[in-house]
Amino acid sequence: MKRPLIGITTHPSTAGAGPADQLPAQAAYVRAIAEAGGVPVHIPLSLMEYDLAVLFDRLDGLLLSGGGDIDPALYGALPSTSLRGVDAARDRTELVLARWAATRGKPLLGICRGLQVVNVACGGTLIQDIGAEHAGALDHDGPDRPPSSLAHPVRLEAASLLARLLLQDPLETNSAHHQAIKALGRGLSVAAWSRDEIIEAVEVAGHPWGVAVQWHPERLLERSESRALFSAFIQACA
Ligand code: MN
């Protein structure tokens with residue numbers, strides 16, 4: 001198999017010349033992609049759109065990584081007081097990449113914030129703080145939980161690519177997000193729900209391989225379904 005090049009978007013603090021590989025969060029994506037047979041490439045947040053397009057064209061697949069909140073102005077909402085880690089360069093870079101990947105059929109895996117980026121790129125909106133806005137919500141945030149601890153199961157939609165790939169329903173997941181999808185973006189379908197009716201995965205309808213999950217499979221690589229998800233992504237990219 002030709003080893004595909006997988007672009008991984010970066011956190012603001014890892015976007016410069018610093019040792020991104022040494023940061024645990026970014027290193028987990030790199031390891032997951034490499035172990036599944038891909039070659040990871042960090043995408044800087046400082047590129048002009050023309051250069052970003054050159055890089056995008058060379059990539060075989062795109063991984064939109066986890067991180068802080070998207071500026072609510074980008075989905076037509078006023079900011080709540082609970083926003084964390086908004087970064088204009090990251091929003092601009094990732095929304096462009098997500099639109100390109102969704103509309104041009106490049107394999108796309110969104111993780112946590114990456115799912116929210118895909119939704120906003122497709123015209124959707126976000127719950128800015130689940131605890132404040134969603135009555136009866138589970139603890140999706142869990143800042144004191146270890147990254148790899150299981151938090152809640154999700155129920156997969158039978159017709160989804162995820163259900164066909166993972167062959168596990170319900171699926172146990174970790175959870176480290178305080179935002180979630182509110183209005184679903186155009187051309188997306190829901191692939192997984194938590195029992196408090198939070199959307200936990202979406203797919204790009206009619207796309208060769210466009211999947212985004214609200215949990216962190218890269219932090220659960222000891223579980224076979226996490227490895228299966230990365231393997232399927234890399235096979236779609238190859
Ligand atoms: Mn969750």
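This is a predicted model: local features need pLDDT of at least 70, side-chain atom pairs count only at pLDDT 80 or more; totals for chains, interfaces and linings use all residues.

**Helices and a metal site**

Helix α1 covers residues 24-35, twelve residues in total. From its first C-alpha to its last, α1 reaches 16 Å, close to the 16 Å expected at 1.5 Å a residue.

Which residues of α1 are buried? They are Gln26, Ala28, Tyr29, Val30, Ala32 and Ile33. The buried residues of α1 pack against the strands β1 (5-9), β2 (39-43), β3 (61-64) and β4 (108-111), and also against helix α7 (224-237). After α1 comes Gly37, which has a positive phi, near 105°.

I turn now to a pair of helices. Two packed helices are described by the angle between their axes and the distance between the axes. For α3 (residues 88-104) and α4 (residues 113-121), the angle is about 70° and the axes are 9 Å apart. The two helices, α3 and α4, are therefore roughly perpendicular to each other. The crossing in which α3 passes α4 is right-handed. On the α3 side, the contact is made by Arg90, Asp91, Glu94, Leu95, Ala98 and Arg99; α4 contributes Arg113, Val117, Val118, Val120 and Ala121.

Is Asp91 buried or exposed? Asp91 counts as buried, because its relative accessibility is 2% and the limit for buried is under 20%. Asp91 touches Asp69, Ile70, Asp71, Leu74, Val86 and Arg113, leaving aside residues up to four places away in sequence. Between Asp91 and Val117 there are 7.9 Å in space, C-alpha to C-alpha, although the two are 26 residues apart in sequence.

Finally, the metal site. Which residues coordinate the manganese ion? The donors are His140 (ND1), His152 (NE2), Ser175 (OG), His177 (NE2) and Glu200 (OE), at 2.3 to 2.4 Å. Along the chain, the donors follow the spacing H-x11-H-x22-S-x1-H-x22-E. His152 lies in strand β6 (residues 152-156), while His177 lies in the loop between β7 (171-173) and β8 (180-181), so this pair ties together parts that are 25 residues apart in sequence. Both His152 and His177 are buried.

Ser194 is found in the loop between β9 (188-193) and β10 (199-204), and Ser194 is buried, with a relative accessible area of 2%.

Technical notes. Residues are numbered from 1 along each chain as its sequence is written. Side-chain values use heavy atoms; hydrogens and water are left out. Donors are N, O and S atoms within 2.8 Å of the metal (3.2 Å for Na, K and Ca); water is not among the atoms, so sites may look incomplete. Helices (H or I, at least four residues) and strands (E, at least two) are DSSP runs, numbered from the N terminus. Buried means under 20% relative accessible area, exposed over 50%, partly exposed in between (1.4 Å probe, protein chains only). The expected span of a helix is 1.5 Å times one less than its number of residues. Contact means heavy atoms within 4.5 Å. Axes are lines fitted to C-alpha atoms, for helices over the stretch in contact, and angles run from 0 to 180 degrees between N-to-C directions. Angles under 35 degrees count as roughly parallel, over 145 as roughly antiparallel, 65 to 115 as roughly perpendicular and the rest as oblique. A crossing is left-handed if the near helix is turned anticlockwise from the far one by less than a right angle, and right-handed if clockwise.
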